[in-house]
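Thanks for making time this morning.

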Amino acid sequence: MPIHNADIAAIFEEIADLLEIQDANPFRVRAYRNAARTIGEYGREVAEILAGGGKLPKLPGIGADLAAKIEEIATTGRSRFLEELRAQLPATITQLLSIPGLGPKRVKMLYDSLQVETLDQLAKAAEAGRIRELPGFGEKTERAILEAIRAHASQSRRYSIAVATQYAQSLVAHLRKGPGVRQAVVAGSFRRAKETVGDLDILVTAASGPPVMTHLLAYDEIADVLSHGETRSSVVLKSGIQVDVRVVPEESFGAALHYFTGSKPHNIAIRKLGQERGLKINEYGVFRGERRIAGETEESVFAAVGLPWIPPELREDRGEIEAARAGHLPQLVELKALRGDLHVHSKASDGRHTLRELAEEAHRRGWQYLAITDHSPRLAVTHGLDAKRLMQQMEEIERLNETLKGIRLLKGIEVDILEDGSLDLADSLLKELDLVVAAVHSHFNLPREQQTRRILRAMDHPHFTLLAHPSGREIGGRPPMDVDMERIIRHARERGCYLELNAQPERLDLTDIHCQLAKAEGVLVSINSDAHTLLDFDHLRFGVGQARRGWLEAKDVLNTRSLKELLPILKKTMG
DNA sequence: GCCGTTTTCGGCCCGACTGTTTTCAGTCG
C-alpha cells in the first residue's frame, strides 16, 4: 500500500499527542506538529521520491532525526517510535484530546487515576460522578465533558466558505450596530479564504469592550454561550457554527487583525522576527519595552519587522515571509482580472438558462467570452448532448454570436472521461469546438495507477483542452480520487493542456498546494464557475480565493487572457 | 526536536477565559 504524505503527517500528530500526554518537552512536541504540517502540505509524495531513488529534500523544521523517521515511515509504513509510545500509553487515548476542555494534562490525570482510555470509558466515568472527585476537576467540568461526548458525533464539522459567508455577514451587520463600534470584520481562516472554516473569528474595534459583549449576546441567532469576558466571547449559533468575537481599541486594529487572521504558524514566525529585533508583538500592537511603536494598521505591523504587507491568503508560513523579505511576493490574481468563464452549463443539459441569458449575464459582468460546456451523452441524468444536439448547439452559438455585441460565446463541451480514458464523443466532432473541457464523473474508486493512467490517456487526446475538477472531490462528501496529481500536472505541460480550478464552493479543486505545483510547472489554471444558474457566477470569488492561496498571479490563470490571446492557445500546439 | 554572521547550548509567541482555586494551571486560539 503506498504511503502518502498525509499518512506520515498523521503518525507525527499521534506521536505529538502521546508525547504531550507524557508531559514531554513542549518544544519537542511542537517539532513533531510542525513536521506533520510541513509534510502534510508538501506538494510531492515523499514515498514516491524515495522509491524512485531520490533523496528527501531539506525541509524547514525537519532535521536529521525527523528525516530518518520520515524515511522509515515512507518505506515501511510504520514508526517504531510510535509503537514504543503506544506500548506505554493506550493508542485510543489520543481521541480523548478531541473533547473541548480536555488537554494533555487532564487526559493523563484521567488515565492515571481512573484508567480512562476511550470516549466510552470517559462517558461512563462522568456518568458515575467519578470525574468531579479528581484534583483540578469539578462538577461543571464533568458535566461539560458529558455534553461534549454526546455532541461529539454531530460536531467537529467544518463549514464551506460559502455557508460561513452567510452566517458571518449577518452577524457582522449586527455587531456594527453595537454601542461604540467602529469596525467589525471577519478574520481567521475565513479571511485567509480557506476552503472550509471550523469557526468564525470576528474582530471589533470599540472604545470599550463590555457593552459590545452585551450587544453580541442579544443576537437572536445565538444558541449557546461558551465563554464571555470583557473583551472576548465565544458563542455557538443556531446553525452550529462557533463564533469567537474579540474587541480591541481602535489603535490596535491592525495588530489585532493580523493576530486574528493567523495562521498560527505565520503569527509565530512574525513574532519571532519581532523578537529578533527586540520587539514584542501581540494583538494590541508592536512594543519596544513599554512603548507601542505600531499596530494601527496591518502595514505598520509588517513594517515593524521589515516586511511589506502580505496578503492574508498567503499567511500560512509556506515561504511568504521569505518572499516578502526578498521583495518577491506574487501579485495575486484578483476577481476583476477574469475576462470570462470556460465552464458553463445551459438549459440544453442540466443548466437553467438559455444561451442568450448566459451571454447577457456574462456581458453584464464585463467579460469578453463565455464557454458553453454542456454535458456529453454518458451523463444521461443531465440530458447530456449527443452528436446531433451538439451540432445544433454549435450552429445556435454561431448564429447568436452574430447578434451579440461585446461578448463572445465559445463552443465547448464538458465531455466525460470514460473508464478507459477515452472521451465520450467522437474526435471528428470535438475538433469543431473552440475548447474541450473533460472530466471524470464515474468510477471514482479505481486504483491509483489505473486512475492516473486514465486521465493521462484522456489528455493525450488531440482535442483535449482543460481537465475539469481534477480530483473529483466534493468537500464534506466525496473524497478526492486517488491519483498522482504531480504526474497529471507534468503531463498537462507536455501535452499543452490546462487544469481547472472549479469555483463551486464544495469543489474548489485544484487545491492550493496543487495550484502552486501547476504554477511551478508552468501549467495555466482556469478559474471556472461550472455555473448551472446565473447566481453560480458569484462563486468565482471563492475560486479566486483558492487561487490566491495557491500563489497564482493573473499571468498564471488562463481566463485572464483577452479573447484575442485566448483563442489561439486553446488549440494544442502539439502535432 | 530544531536551529544558529550574536549562539553547537539554550533558547524556542502571546494573552484571555474558565474552573477550581485562594493565586493559578490548564486550555484554547
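His 443 lies in the loop between β15 (437-439) and α19 (448-460), where helices (H or I, at least four residues) and strands (E, at least two) are DSSP runs, numbered from the N terminus. Before I go on, please keep in mind that this is a predicted model, in which local features need pLDDT of at least 70 and side-chain atom pairs count only at pLDDT 80 or more, while totals for chains, interfaces and linings use all residues. Residues are numbered from 1 along each chain as its sequence is written, and chains are lettered from A and ligands numbered from 1 in the order in which they are written.

What is the phi of His 443? It is positive, at about 50°, although His 443 is not a glycine. His 443 counts as partly exposed, because it has 15 C-beta neighbours inside 10 Å; on this scale a residue is buried if 20 or more other C-beta atoms lie within 10 Å of its own, exposed if 12 or fewer, and partly exposed in between, with C-beta atoms placed from the backbone. His 469, in the loop between β16 (466-467) and α20 (485-495), also has a positive phi, near 25°, but His 469 is buried, with 26 other C-beta atoms within 10 Å. As background, most residues other than glycine have a negative phi, and most peptide bonds are trans.

One joins Gly 262 and Ser 263, with omega about -5°, and Ser 263 lies in the loop between α12 (253-261) and α13. Another runs from Asp 509 to Leu 510, with omega near 25°, and Leu 510 belongs to the loop between β17 and α21 (512-521).

β17 (residues 498-502) runs parallel to β18, joined by four bridges, and two strands pair if DSSP finds at least two bridges between them. Within that pairing, Glu 500 has Ser 526 as its bridge partner. Is β18 (residues 525-528) covered on one face or on both? Both faces are covered, since Val 525 and Ile 527 on one side and Ser 526 and Asn 528 on the other are all buried.

Now to the DNA. Around DNA strand B there are 41 residues, the closest being Gly 63, Gly 103, Gly 138, Ser 227 and Gly 229; a residue is near a molecule or strand if its C-beta atom, placed from the backbone, lies within 6 Å of it. The largest share of this surface, five residues, comes from α13, and the elements that each supply at least two residues include α2 (26-41), β5 (222-228), α13 (264-276) and β8 (280-282).

β8 is also part of an open, antiparallel sheet of three strands in the order β8-β9-β10, in which β8 and β10 (291-294) are the edge strands, each pairing on one side only. Three bridges join β8 to β9 (residues 285-288), and Lys 280 stands opposite Phe 287 in β9.

Last, a helix. In α7 (residues 119-127), Leu 122, Ala 125 and Ala 126 are buried. They cover an arc of only 100° around the axis, which puts them on the same side of α7, the arc being that of the directions from the helix axis to the C-beta atoms. Asp 120 and Glu 127, on the other side, are exposed, and just after α7 Gly 129 takes a positive phi of about 75°.
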